[in-house]
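Welcome, and get your viewer ready. Try each exercise by eye before you read its worked solution.

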Amino acid sequence: MFTLAEVASLSDIQPTYRILKPWWDVFMDYLAVVMLMVAIFAGTMQLTKDQVVCLPVLQSTVNSKVQPDTSGKADFTTVETTTGQEASMRTVSLGSAPTVTPDILLSSATSSQYQPTESGQEQKKEQKDSSGRKTNLDFQQYVFINQMCYHLALPWYSKYFPYLVLIHTIILIVSSNFWFKYPKTCSKIEHFVSILGKCFESPWTTKALSETACEDSEENKQRLTGAQSLPKYVSTSSDEGSPSASTPMITKSGFKFSADKPMIEIPSVTILDKKDGEQAKALFEKVRKFRAHVEDSDLIYKLYVGQTVIKTVKFIFILCYTANFVNTISFEHICNPKVEHLIGYTQFECTHNMAYMLKKLLISYISLICVYGFICLYTLFWLFRIPLKEYSFEKVREESSFSDIPDVKNDFAFLLHMVDQYDQLYSKRFGVFLSEVSENKLRGISLNHEWTYEKLRQHVSRNAQDKQELHLFMLSGVPDAVFDLTDLDVLKLELIPEAKITAKISQMTNLQELHLYHCPAKVEQTAFSFLRDHLRCLHVKFTDVAEIPAWVYLLKTLRELYLIGNLNSENNKMIGLESLRELRHLKILHVKSNLTKIPPNITDVAPHLTKLVIHNDGTKLVVLNSLKKMTNVAELELQNCELERIPHAIFSLSNLQELDLKSNSIRTIEEIISFQHLKRLTCLKLWHNKIVSIPSSITHIKNLESLYLSNNKLETLPAAVFSLQKLRCLDVSYNSIAVIPVEIGLLQNLQHFHITGNKVDVLPKQLFKCVKLRTLSLGQNCITSIPDKVSQLLQLTYLELKGNCLDRLPATLGQCQLLRKSGLIVEDHLFDTLPSEVKEVLNQDTSIPFANGI
C-alpha cells in the first residue's frame, strides 16, 4: 500500500512546476483525468454489471433428434416466427434464475426425451397454457453457456476496453510529466523554479523595476529641478555612470565642486536593508552559476519535444485501432460452443448487456482522444514555429533602464519561453538578475551600507611621506563616502573590479596620488577633468595590458607614472597602450615588467623624463638604443635585465647623475672608463652582479659620491677606489675581501662604509681617520678586536659588529658621542663587558625620549 507521504509527494508536482506548464499541458492534464475517470467508470461497470445472456437456437436437425414427432416441428416453427422482442422476454439468465417458475423450465433434456407422447390436442393445450419456450436446458447449463459464450462470442475489445483506456491514460500522464522526473533534467528544473520564485519575490526586483518606472515621472522631474547643468558632468564612457534615483547613499542636497563648475548632488532613498541586499547578491551569484550550468546544453528542450512526439504518435495509434473496433461492440452475438454432446444444442444467440454503455463510453473516449491529439499537434507547431532555444529580453530592455540584459540560449531560453506561457512578468523580473547594471547598483547600495564615512575615516593612515593615505582592498566598488574625505592625499584601490570614480572626486582637492592595483577604474567626464588638472602620481598594476584605462594617457599634468604588469614583446607598442606623447609633464616613468626592449613610444616623452626605471623579471633586455634620446634623464635603473656588460647607450646620457644596474649578470666593468664623460654622475650601483675586480680606470669618475658593489665576487679593493676624494658612501658587503687597504684613510669625506659579510680579520688604524663616518658595518667577518681609536669617530651613529670573533668591546665607545645602544649591533654578552658608565651613556637613547614624552 502507498503511504500518505508518497501520495502527498505526487500531489506536490502540480503546484511546484505550475509556472512551467503552459495552457495546453494543463488542458491535457485535465483531459487525462477525464479519460482516467472514463476508464475507472467503465472498469467498475464491467466488474459489477458486465455479462452475456444466451438462448439456444432451435434448429430442425437438432430437434429431430430430440423430438421426432410433429409437436417438435410445431415448436420449431413457433420459435422461428417469434419476434426478437418476444425472444428476449423469454430469455432465461443467471440473474433471473431465482424468479423463474417451473412452467418456464419444464424439464431436463433426459426427461423430455423419454416422456410418452400425448395427443396433438393435449400438446396444443399445453403450449397455450405455458408462458415460456421449451428448450430442454436446466439452470446450470444456462450458466455454463453464458460463461462459455462470454469468452468465445464477445469481442476482445468489449472485454478489455476499460483496461486499455486505463493503460493509455497512464502512458499519456507519464509522458506529460516525464521531463519533471528525468534525473538529468529534474534537478535543473527544480533549481530554475526555486531561483525564479526567489527572484520574483525579491525586494531588490521590486526596487529596480520601480526605479525604472519612476525615472520619467513628475516626481523625479521635480527632484531634478535646479540641476540643469548636471548632464554636462555625466560620464560618456558607460551607461552605468549616469546618476539616477538609485544612488545608494542617503545624503543631503548640497553643492559639490568639480574642476570647472559646481555639482548638485541628487538626494535618494533606499528601501533595502542589509539582509535584503545580501540575499539579492546571493541571487545574482546563483543566476550566474545556473546560467553557466544550463545554457551549454539543450537536453530539456529535446526531452520535451520527444515526449510531445510520443503523445502525438500515441494519439494516432489509439485513433487508428479504436476506429476499427467501434462496430464490434454490439448488443447481439451468435455463439457456437462445441459442447453439443453436453447440452444438445450447437448454436446460441447471446445479448451483451453492457454493449450500449460501452459504445457511449467509447465514443466519449474517442472524442477526448481527438481533442488531446489536436492539442499535441498544436504543441508541436509551437515547438517548431519559433526558435525556442533562443530567448531575447528585447522588450524588457526597452521598458527598463537595464539595456545590458543578455540574450540566452538552449535550455535556459526554453525554460523562459515556457514561463512566458504562464506569465511574462516572471521573465521580466527575472531579467533584472541577468543585468550587470542592476548588479552594480545593488553592489553600490550594499557597499555604501557597510562603508560609511566614519568607517573609512578609521582606515586612513599616515604613510612614510607623512601623507594621509587610504587603502581599499577587494571591495565590490568605490564607496561614495570616499569622496567626502577631502583632506586625503593618497588613494589606493586594489582588486576592485567595478571601481568607478564619480564627479564627487572634485571635492578631494588635496588628492595628488592614485594607485590602481588590478583595478580598471571607470571615470566620469567631470572626474577626469579634475584628475587631469590635479593628479601628479599614478600607480597602475595589471595582469593584461588591456586593463590599463585609456584615460591614463590623457593626464596632461601627470608627473610620475608607475606601470607594473605583463608587457611582453608581442604587446609592446607602448606597451600596446595608447601613445604617451600627451604626457608632456611626465618626469618619472617606472616600468616593472618583462620587456625585451625599451618600448618605442617611450621616446614620445623621452625629452621630458628625468628618471627611468625598468625592473624586469629576468627577461633579457636586448635593445637599448632608445636610451640615447633620453638626454635629460638624471636617474636610470635597469634591474634584473640579464645584462652582461654596461650598455654603451648609457654613455651618451650627459645629464645622468645616478645609475643602478642591480641584479644583472655583469662580470666585468672595463667600460667604466667611459663614465668619465658623464660629468654629473655621482652614484653608481653595481650590486648583486658577478663582478670579480674593479678596474683602476674608476679614478676617472671624479665626481662619484656613492659606490655600491655589494653581493659580487670581489677579493680585493684596489687603491684606485680610494682616490675618489668625493666618495661619501662605499658598500662592498658580501664579497670575499680579506683586507681593508690602509689607503682608506684618504677618504676624508667618507660617511658610510659597509663591508659586512667578508673575510676581514684586522681593522687598519687608518680607517679611524675617516672622522666623518656615521655608519660603519663590520658584521659577519673575522675581526678579533676593535682598536681604541674608534673613539675618534665622533659622528658615528651606527656600528655593526655582530658575527665576529670579538671577546670584548673597547671602553672608548663611550666617547662616540652620537652612538646609542639602538645603533650598536652586537651580541648581548659583549655589550655586558662594557663598563657601567659606558652602558649608561649608550642607554641614554631609551630614557631621553621617554623623559621628553613625560
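The exercises below go from the whole chain to single strands, then to charged side chains.

This is a predicted model, in which local features need pLDDT of at least 70 and side-chain atom pairs count only at pLDDT 80 or more, while totals for chains, interfaces and linings use all residues. Residues are numbered from 1 along each chain as its sequence is written, and side-chain values use heavy atoms, with hydrogens and water left out.

**Exercise 1. The whole chain**

Find how many helices and strands the chain has, and what percentage of its residues count as buried.

Solution. Begin with the secondary structure: the chain has 26 helices and 26 strands. Both are DSSP runs numbered from the N terminus, helices being H or I with at least four residues and strands E with at least two. Next comes burial, which means under 20% relative accessible area, with exposed over 50% and partly exposed in between (1.4 Å probe, protein chains only). By that rule, 48% of the 854 residues are buried. Last, take contacts (heavy atoms within 4.5 Å): of those between residues at least 6 apart in sequence, 57% join residues at least 24 apart.

**Exercise 2. A sheet of three strands**

Work out the strand order of the open sheet that holds S1, S4 and S5, and say which strands stand at the edges.

Solution. Start from the pairing rule: two strands pair if DSSP finds at least two bridges between them. S1 and S5 (residues 348-352) are antiparallel and joined by five bridges, with Val52 opposite His352. S5 also pairs with S4 in the antiparallel sense, here over four bridges; Cys335 has Phe348 as its bridge partner. The order is therefore S1-S5-S4, with antiparallel pairing, and S1 (52-56) and S4 (332-335) are the edge strands, each with a single partner, so one side of each has no neighbour in the sheet. On average, neighbouring strands of this sheet are turned by 25° against each other, direction ignored; the axes behind such angles are lines fitted to C-alpha atoms, for helices over the stretch in contact, and angles run from 0 to 180 degrees between N-to-C directions.

**Exercise 3. The two faces of S4**

Sort the side chains of S4 by the face they point to, and decide which are buried.

Solution. In S4, His333 and Cys335 share one face and are buried.

**Exercise 4. Parallel strands**

Trace the pairing from S14 to S15 and on to S16.

Solution. S14 (residues 537-541) runs parallel to S15 (residues 560-564), and five bridges join them. Lys541 of this pair stands opposite Ile564. S15 then pairs with S16 (residues 588-593), again in the parallel sense over five bridges, and Leu563 has Val591 as its bridge partner in S16.

**Exercise 5. A buried charge**

Locate Glu494 and find the nearest side chain of opposite charge.

Solution. Glu494 belongs to strand S10 (residues 490-494). For charge, Lys and Arg count as positive and Asp and Glu as negative, while His and the chain ends are not counted. Glu494 is buried but has no salt bridge, and the nearest side chain of opposite charge is Lys541, 5.6 Å away. A salt bridge needs a side-chain nitrogen of Lys or Arg within 4 Å of a carboxyl oxygen of Asp or Glu. Beyond its neighbours within four places in sequence, Glu494 contacts His471, Leu472, Phe473, Met474 and Tyr517.

**Exercise 6. Salt bridges**

Solution. The structure holds 17 salt bridges.

- Lys389 is in the loop between H17 and S6 and Asp298 in the loop between H14 and H15, so the pair ties together parts 91 residues apart in sequence. Asp298 is buried at 15% relative accessible area, whereas Lys389 is partly exposed at 32%.

To finish, look for shared partners: Asp298, Lys302 and Lys389 are joined by salt bridges into one network.
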